[in-house]
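Biologist: Could we go through this model together, one region at a time? I shall begin with a single residue.
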Amino acid sequence: MKDILLNIEAIIFASEEGINANDLKQVLKDALAIDINKQEVLDLLKKIEEKYEAEEHIFSLKIFNRHYQFLTKEKYHEAVNQLQAHKDKKKLSQAALETLSIIAYRQPITKLEVEQIRGVNCDYSIQRLLEKNLIEIAGKAETIGKPLLYTTSGQFMQHFGIKSVKDLPQLKDIITEDNSIGEASK
């Protein structure tokens with residue numbers, strides 16, 4: 001019985017968006033080769049819920065839209081919010097911003113194409129942008145070696161408050177005499 005409870009906890013913990021009782025029943029059946037009915041699963045879930053109500057646990061078992069999830073207890077929300085604020089403060093480097101701009105305006109684009117435009121290696125910048133979910137892999141190019149293609153992500157759109165790539169400022173709107181390179185007008 002304890003093994004089943006621990007397996008249920010592990011399954012709930014590993015499910016990113018929660019899991020409903022029917023799916024949990026099926027996963028237990030497949031994983032542990034046991035025959036368990038829905039009411040038994042619900043009873044075990046109740047035991048887990050009671051266990052996590054204890055003061056020494058930082059999580060509680062919650063049900064949203066019939067899906068069970070472990071969530072941090074309310075008294076720890078301020079600490080978790082500070083962690084999120086700390087993560088948000090970490091700004092992108094100039095190299096990452098340049099790489100992101102190139103990808104935004106030229107998407108879909110390969111790493112090699114970005115490097116040709118910037119003139120330097122972009123491995124680290126692309127990795128950081130992927131980690132921050134500002135870009136995503138959109139497939140593979142139909143060229144030799146089938147390099148990965150990068151595009152901006154939905155999170156990029158959300159972060160910058162735009163609905164589509166068409167909402168990006170046009171280069172003609174950005175370039176002025178003050179920030180242009182070349183011959184000065186006479």
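Biologist: What does Ile 34 count as, going by its relative accessibility?
Modeller: With a relative accessibility of 23%, Ile 34 counts as partly exposed. Buried means under 20% relative accessible area and exposed over 50%, with partly exposed in between (1.4 Å probe, protein chains only). Please keep in mind that this is a predicted model, in which local features need pLDDT of at least 70 and side-chain atom pairs count only at pLDDT 80 or more, while totals for chains, interfaces and linings use all residues. Residues are numbered from 1 along each chain as its sequence is written, and side-chain values use heavy atoms, with hydrogens and water left out.

Biologist: Where does Ile 34 lie, and what does it touch?
Modeller: Ile 34 is found in the loop between H2 and H3. Helices (H or I, at least four residues) and strands (E, at least two) are DSSP runs, numbered from the N terminus. Not counting residues up to four places away in sequence, Ile 34 touches Ile 4, Leu 28 and Lys 29; here contact means heavy atoms within 4.5 Å.

Biologist: How far apart are Ile 34 and Ile 4?
Modeller: They are separated by 30 residues in sequence and by 9.6 Å in space, C-alpha to C-alpha.

Biologist: Which residues make the contact between H2 and H3?
Modeller: H2 contributes Ala 21, Asn 22, Leu 24, Lys 25 and Leu 28, and H3 contributes Lys 38, Val 41, Leu 42 and Leu 45. By class, six are nonpolar, one is polar and two are charged. Ala, Val, Leu, Ile, Met, Phe, Trp, Tyr, Cys and Pro count as nonpolar, Asp, Glu, Lys and Arg as charged, and the others, Gly among them, as polar.

Biologist: What about H5 and H7: at what angle do their axes cross?
Modeller: H5 (residues 94-106) and H7 (residues 123-131) have axes that cross at roughly 75° and come within 9 Å. That makes H5 roughly perpendicular to H7. Ala 95, Ala 96, Thr 99 and Leu 100 of H5 meet Ser 125, Ile 126 and Leu 129 of H7. Five of the residues in this contact are nonpolar, two are polar and none is charged.

Biologist: Let us turn to the strands. In what order do they sit in the open sheet?
Modeller: The open sheet has three strands in the order E3-E5-E4, with antiparallel pairing. E3 and E4 are the edge strands, each pairing on one side only. Two strands pair if DSSP finds at least two bridges between them.

Biologist: How many bridges join E4 to E5?
Modeller: Five bridges join E4 (residues 135-140) to E5. Among the partners, Ile 135 is bridged to Thr 152 of E5, and Lys 140 to Leu 148. On the other pairing, E3 (residues 109-110) and E5 share two bridges, with Thr 110 partnered by Leu 149.

Biologist: How many residues of E5 are buried?
Modeller: Four of its five residues are buried, so E5 is mostly covered. H7 lies across E4 and E5, at about 110° to E4.

Biologist: Then Ser 153: where is its place, and is it buried or exposed?
Modeller: Ser 153 sits in the loop between E5 (148-152) and H8 (154-160). Its relative accessible area is 5%, so Ser 153 is buried.

Biologist: What does the side chain of Ser 153 reach?
Modeller: It reaches the backbone oxygen of Asn 133 at 2.4 Å. A polar atom of the Ser 153 side chain also lies 3.3 Å from the backbone nitrogen of Gln 155.

Definitions and conventions
Polar contact = N/O pair within 3.5 Å; in protein donor to acceptor, adjacent residues only side chain to side chain. Axes fitted to C-alpha atoms, helices over the stretch in contact; angles between N-to-C directions. Parallel < 35°, antiparallel > 145°, perpendicular 65-115°, else oblique.
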